[in-house]
Amino acid sequence: MNTDLIFCMGLALLILGVAVFVVGSREPFPAVVGFVIFGLLVSIAWMCLSAPDVALTEAAIGGGVTGALLLVATARLGDSSKKGQKTKTPMGFHGLVILLCVAVSAGLIAVVLTFPEPAPTLALVALEPLESTGVKNPVTAVLLAYRALDTLLETVVVLLAMAGVWSLAKDSDWSKTPLFGYSPEPGGPLVLLAKVLIPVGVIFGIYMVWTGSDHPGGKFQGAAILAAMGILGLVAGVTSVPAVTNAKLRWLLVLGPAVFLVVGLMGFLSVGYFLAWPPGLSKAVIVLIEVALTPSLALMLGLLVAGPPRQLPTSNS
Amino acid sequence: MSTVLDLLTIVFVSVGVFFFVAGTVGLLRFPDTLTRLHALTKADNLGLGLIVIGLLPRVDSPQDALKLILVWALVLVASSNSSQLIARKVRREES
């Protein structure tokens with residue numbers, strides 16, 4: 001117990017230190033690297049709090065996909081930020097930011113210190129009807145049975161975000177493919193990494209989705225791993241993305257949310273409510289939705305990182 | 001028997017931690033990127049490998065042992081590749 005406490009205290013200090021480093025760093029690249037490390041440390045913290053599902057999501061989405069997104073953004077900002085255009089911050093802006101941060105911190109401290117004993121929990125309420133859903137992982141039951149509407153909206157939000165990224169493309173680039181904006185080095189170490197890691201990663205991603213109904217895991221984490229493998233393939237130059245006008249790509253993107261919606265509407269016929277699963281069949285329905293969502297989510301997350309369709313500038317190599 | 005296994009764990013994990021500390025000191029103290037990479041690989045390859053060997057007698061099932069070894073193998077693949085990439089970039093910028 002005592003060693004646990006020492007470990008957690010050390011972890012908390014480390015998280016604070018990395019957070020200060022991220023906020024304090026003046027260059028975008030070290031800040032992003034710090035942010036990824038921050039995400040991984042926070043996921044270890046979630047493990048300490050016995051929340052493996054949150055830990056996996058934090059590592060895959062918070063550290064992984066968001067980190068990749070920020071890295072690509074940094075690479076694109078690289079040229080413009082070096083031109084030395086100093087943006088003038090308005091008078092008292094820093095003071096205002098500090099004031100707001102202090103207010104938020106004070107509020108959080110107040111909430112933590114005035115926590116009722118024992119802490120209020122919905123865990124028992126979530127566990128009680130677990131039997132009827134057929135799944136053994138209570139987190140999956142919350143995401144796809146009790147609060148399926150939230151998950152449906154979440155996936156639609158990711159789809160909308162991706163449409164938003166695509167809408168940044170120039171009209172002339174619309175038929176092109178999404179590109180990072182750099183040409184991969186043929187025969188470099190990344191090609192070997194892609195060949196070794198992608199098969200392992202794809203199996204692991206599928207396993208993560210499959211095991212999600214009974215153990216920690218699930219479609220978002222699995223899809224993030226699959227997306228990471230896709231991004232690795234793109235960076236190494238061993239895979240390519242089809243043009244955003246490709247019909248097959250678009251069908252795959254909407255497959256998951258569409259299946260979710262149709263199955264949800266069928267709840268009207270069988271039980272009488274939207275997103276209500278027929279008794280006895282709920283596990284089958286949940287697995288069907290997870291399987292349908294996985295390729296869509298993996299593509300959405302990967303394409304979010306890849307960015308809008310565009311043509312590589314031919315001038316700089 | 002268990003004392004021998006405990007001793008094995010203590011020795012291997014301690015030596016592994018030593019390599020991590022040495023790698024970190026090297027990362028902080030060495031003068032340029034290539035020597036820093038050299039120091040880091042000691043932590044990844046040897047340090048983590050020794051810690052995994054030290055933890056192997058303590059696992060509950062063969063699957064867990066395989067998972068630990070897989071973690072080490074994946075870290076090896078990832079770290080050797082990232083070292084290569086960083087080193088290539090350094091060489092390209094120097095030339």
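1. Helix H7 (residues 138-146) and helix H12 (residues 282-306) of chain A cross at roughly 90 degrees, and their axes come within 11 Å. Angles from 65 to 115 degrees count as roughly perpendicular, so H7(A) and H12(A) are roughly perpendicular to each other. On the H7(A) side the contact uses Thr140(A), Leu144(A) and Ala145(A). On the H12(A) side, Ser282(A), Ile286(A) and Ile289(A) meet them. Sorted by class, the residues of this contact are four nonpolar, two polar and no charged.

2. Helix H8 (residues 148-166) and helix H11 (residues 247-270) of chain A have axes that come within 10 Å and cross at roughly 155 degrees. Angles over 145 degrees count as roughly antiparallel, which means that H8(A) is roughly antiparallel to H11(A). The crossing of H8(A) past H11(A) is left-handed. From H8(A), the contact takes Leu152(A), Thr155(A), Val156(A) and Leu159(A). From H11(A), it takes Leu253(A), Gly256(A), Pro257(A), Phe260(A), Leu261(A) and Gly264(A). The classes in the contact of H8(A) with H11(A) are seven nonpolar, three polar and no charged. Two packed helices are described by the angle between their axes and the distance between the axes.

3. What is the secondary structure of chain A as a whole? Chain A has 12 helices and zero strands. Its pattern along the sequence is α-α-α-α-α-α-α-α-α-α-α-α. The C-alpha trace of chain A spans about 60 × 50 × 40 Å along its principal axes. Chain A has 317 residues, and 29% of them are buried. Take the contacts in chain A with a separation of 6 or more: 75% of them join residues 24 or more positions apart.

4. The backbone of chain A has a cis peptide bond to check. The bond runs from Glu117(A) to Pro118(A), with omega near 0 degrees. Pro118(A) sits in the loop between helix H4 (93-113) and helix H5 (123-127) of chain A. As background, most peptide bonds are trans, and most residues other than glycine have a negative phi.

5. Phi also deserves a look in two loops. Ser50(A) is not a glycine, yet its phi is positive, about 55 degrees. Ser50(A) belongs to the loop between H2 and helix H3 (52-82) of chain A. Is Ser50(A) buried or exposed? Ser50(A) has 8, so it is exposed.

6. Leu275(A) is the other case. Its phi is positive at about 60 degrees, although Leu275(A) is not a glycine. The residue lies in the loop between H11 and H12 of chain A. The cut-off for a buried residue is 20 or more other C-beta atoms within 10 Å. Leu275(A) has 22 and is therefore buried. Set side by side, Leu275(A) is buried, whereas Ser50(A) is exposed.

7. Pro28(A) is found in helix H2 (residues 28-48) of chain A. Because it has 16 C-beta neighbours inside 10 Å, Pro28(A) counts as partly exposed. Which separation do the C-alpha atoms of Pro28(A) and Thr74(A) have? They are separated by 6.3 Å, with the two residues 46 residues apart along the chain.

8. In chain B, look at His38(B). His38(B) is part of helix H2 (residues 33-55) of chain B. With 15 C-beta neighbours inside 10 Å, His38(B) counts as partly exposed. The C-alpha atoms of His38(B) and Arg92(B) are separated by 18 Å, and the two residues are 54 residues apart along the chain.

9. How many residues of chain B are in contact with chain A? Four residues of chain B are in contact with five residues of chain A. The side of chain B that touches chain A has two nonpolar, two polar and no charged residues.

10. Last, the confidence scores. The model has ipTM 0.82 and pTM 0.84. The average pLDDT of chain B is 89, and 99% of the residues score at least 70. Where pLDDT is low, the predicted coordinates should not be read in detail.

Methods. Residues numbered from 1 in each chain as written. Chains lettered and ligands numbered in written order. Predicted model: local features only at pLDDT ≥ 70, side-chain atom pairs only at ≥ 80, totals over all residues. Helix = DSSP H or I, 4+ residues; strand = E, 2+ residues; numbered from the N terminus. Buried ≥ 20, exposed ≤ 12 C-beta atoms within 10 Å, placed from the backbone. Axes fitted to C-alpha atoms, helices over the stretch in contact; angles between N-to-C directions. Parallel < 35°, antiparallel > 145°, perpendicular 65-115°, else oblique. Contact = placed C-beta atoms within 7 Å. Nonpolar A, V, L, I, M, F, W, Y, C, P; charged D, E, K, R; others polar. pLDDT = per-residue confidence, 0-100. Left-handed = near helix turned anticlockwise from the far one by under 90°.
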